[in-house]
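Have a look at the sequence and fold before reading on.

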Amino acid sequence: MADMSGSDYRKVYALSQEFAMMVRQGIAAMLDPWLIACQDSGVTNLQTFADGVKRDYNAIRGALETVWSNGQTEDQVNRLKMLKRQMYGRAGLDLLRTRILYPSTEH
(Lines give C-alpha, C1' and ligand atoms only; values in the text may rest on other atoms or scores of the structure.)
Protein backbone atom coordinates (compact mmCIF):
# COMPACT_ATOMS: atom_id res chain seq x y z
CA MET A 1 0.00 0.00 0.00
CA ALA A 2 3.07 2.21 -0.10
CA ASP A 3 2.33 3.54 -3.57
CA MET A 4 -1.19 4.79 -2.76
CA SER A 5 -2.27 8.38 -3.09
CA GLY A 6 -4.23 10.37 -0.56
CA SER A 7 -7.46 9.70 -2.42
CA ASP A 8 -6.69 5.96 -2.35
CA TYR A 9 -6.30 6.09 1.43
CA ARG A 10 -9.65 7.85 1.67
CA LYS A 11 -11.26 5.13 -0.48
CA VAL A 12 -9.76 2.38 1.67
CA TYR A 13 -10.93 4.08 4.85
CA ALA A 14 -14.45 4.74 3.58
CA LEU A 15 -14.93 1.24 2.18
CA SER A 16 -13.48 -0.46 5.25
CA GLN A 17 -15.80 1.57 7.50
CA GLU A 18 -18.74 0.67 5.27
CA PHE A 19 -17.78 -3.02 5.43
CA ALA A 20 -17.52 -2.89 9.23
CA MET A 21 -20.92 -1.23 9.52
CA MET A 22 -22.44 -3.76 7.13
CA VAL A 23 -21.13 -6.66 9.21
CA ARG A 24 -21.99 -5.15 12.62
CA GLN A 25 -25.53 -4.29 11.56
CA GLY A 26 -26.07 -7.33 9.33
CA ILE A 27 -27.15 -5.38 6.23
CA ALA A 28 -26.92 -7.94 3.43
CA ALA A 29 -28.32 -5.51 0.83
CA MET A 30 -25.09 -3.48 1.05
CA LEU A 31 -22.84 -6.38 0.04
CA ASP A 32 -23.23 -6.28 -3.75
CA PRO A 33 -22.86 -2.48 -4.09
CA TRP A 34 -19.88 -2.64 -1.74
CA LEU A 35 -18.19 -5.32 -3.87
CA ILE A 36 -18.73 -3.23 -7.00
CA ALA A 37 -17.30 -0.15 -5.27
CA CYS A 38 -14.20 -2.13 -4.27
CA GLN A 39 -13.68 -3.40 -7.82
CA ASP A 40 -14.13 0.12 -9.21
CA SER A 41 -11.85 1.71 -6.59
CA GLY A 42 -8.63 1.06 -8.49
CA VAL A 43 -6.94 0.01 -5.22
CA THR A 44 -5.34 -3.40 -5.68
CA ASN A 45 -5.65 -4.44 -2.04
CA LEU A 46 -9.38 -3.64 -1.98
CA GLN A 47 -9.89 -5.52 -5.23
CA THR A 48 -8.04 -8.55 -3.84
CA PHE A 49 -10.09 -8.47 -0.65
CA ALA A 50 -13.32 -8.19 -2.67
CA ASP A 51 -12.24 -11.19 -4.77
CA GLY A 52 -11.84 -13.21 -1.56
CA VAL A 53 -15.29 -12.13 -0.39
CA LYS A 54 -16.72 -13.20 -3.76
CA ARG A 55 -15.16 -16.65 -3.38
CA ASP A 56 -17.05 -17.05 -0.09
CA TYR A 57 -20.05 -15.02 -1.23
CA ASN A 58 -22.79 -17.45 -0.15
CA ALA A 59 -21.33 -17.91 3.34
CA ILE A 60 -20.81 -14.17 3.85
CA ARG A 61 -24.23 -13.27 2.50
CA GLY A 62 -25.78 -15.93 4.74
CA ALA A 63 -23.93 -14.58 7.77
CA LEU A 64 -25.26 -11.09 7.05
CA GLU A 65 -28.83 -12.31 6.51
CA THR A 66 -29.23 -14.46 9.62
CA VAL A 67 -29.24 -13.59 13.28
CA TRP A 68 -27.62 -16.87 14.21
CA SER A 69 -24.07 -16.90 15.50
CA ASN A 70 -21.64 -19.61 16.49
CA GLY A 71 -20.04 -17.33 19.08
CA GLN A 72 -21.15 -19.49 22.02
CA THR A 73 -19.70 -22.59 20.39
CA GLU A 74 -16.43 -20.86 19.56
CA ASP A 75 -16.18 -19.63 23.16
CA GLN A 76 -16.56 -23.17 24.52
CA VAL A 77 -14.04 -24.59 22.02
CA ASN A 78 -11.57 -21.86 22.98
CA ARG A 79 -12.09 -22.64 26.68
CA LEU A 80 -11.54 -26.35 26.09
CA LYS A 81 -8.32 -25.74 24.17
CA MET A 82 -7.06 -23.44 26.93
CA LEU A 83 -7.76 -26.11 29.56
CA LYS A 84 -6.01 -28.77 27.50
CA ARG A 85 -2.94 -26.54 27.10
CA GLN A 86 -2.85 -25.84 30.84
CA MET A 87 -3.07 -29.52 31.70
CA TYR A 88 -0.86 -30.96 28.96
CA GLY A 89 1.08 -33.93 30.31
CA ARG A 90 -0.15 -33.43 33.87
CA ALA A 91 -3.29 -35.49 34.23
CA GLY A 92 -5.58 -37.91 32.52
CA LEU A 93 -8.98 -37.65 30.93
CA ASP A 94 -10.80 -37.86 34.29
CA LEU A 95 -9.31 -34.60 35.57
CA LEU A 96 -9.88 -32.87 32.22
CA ARG A 97 -13.52 -34.00 32.25
CA THR A 98 -13.93 -32.68 35.81
CA ARG A 99 -12.44 -29.30 34.92
CA ILE A 100 -14.72 -29.00 31.90
CA LEU A 101 -17.93 -30.06 33.62
CA TYR A 102 -17.29 -28.23 36.91
CA PRO A 103 -15.34 -25.08 36.09
CA SER A 104 -13.78 -23.20 38.92
CA THR A 105 -15.16 -19.76 39.68
CA GLU A 106 -11.64 -18.53 40.48
CA HIS A 107 -9.89 -16.41 37.83
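## Ground rules

This is a predicted model, so local features need pLDDT of at least 70 and side-chain atom pairs count only at pLDDT 80 or more, while totals for chains, interfaces and linings use all residues. Residues are numbered from 1 along each chain as its sequence is written, and side-chain values use heavy atoms, with hydrogens and water left out.

## A pair within helix 1

Side chains of opposite charge can pair when their charged atoms come close. There are three salt bridges in the structure, a salt bridge being a side-chain nitrogen of Lys or Arg within 4 Å of a carboxyl oxygen of Asp or Glu.

Let's start with Asp 8 and Lys 11, whose side chains form a salt bridge at 3.9 Å, N to O. The two sit three residues apart in helix 1 (residues 6-25), so about one helical turn separates them. Helices here are DSSP runs (H or I, at least four residues), numbered from the N terminus. Asp 8 counts as buried, at 16% relative accessibility, whereas Lys 11 is partly exposed, with a relative accessible area of 33%. For those labels, buried means under 20% relative accessible area, exposed over 50%, and partly exposed in between (1.4 Å probe, protein chains only).

## A linked trio

Which residues are linked in a network of salt bridges? They are Asp 32, Arg 61 and Glu 65. Asp 32 meets Arg 61 at 3.7 Å, N to O. Because Asp 32 lies in helix 2 (residues 31-40) and Arg 61 in helix 4 (residues 57-65), this pair ties together parts that are 29 residues apart in sequence.

Arg 61 also bridges to Glu 65, at 3.0 Å, N to O. Those two are four residues apart in helix 4, so about one helical turn lies between them. As for accessibility, Asp 32 is partly exposed at 33%, and Glu 65 is exposed at 51%.

## The nonpolar core

A nonpolar core is a set of buried Ala, Val, Leu, Ile, Met, Phe, Trp, Tyr and Cys residues joined through side-chain atoms within 4.5 Å. The largest one has 15 residues, and those touching the most other members are Met 22, Leu 31, Trp 34, Leu 35, Cys 38 and Leu 46. At least two residues of this core come from each of helix 1, helix 2 and helix 3 (44-55). Helix 2 gives the largest share, four residues.

Zoom in on Cys 38: leaving aside residues up to four places away in sequence, Cys 38 touches Leu 15, Leu 46, Gln 47 and Ala 50. Contact here means heavy atoms within 4.5 Å.
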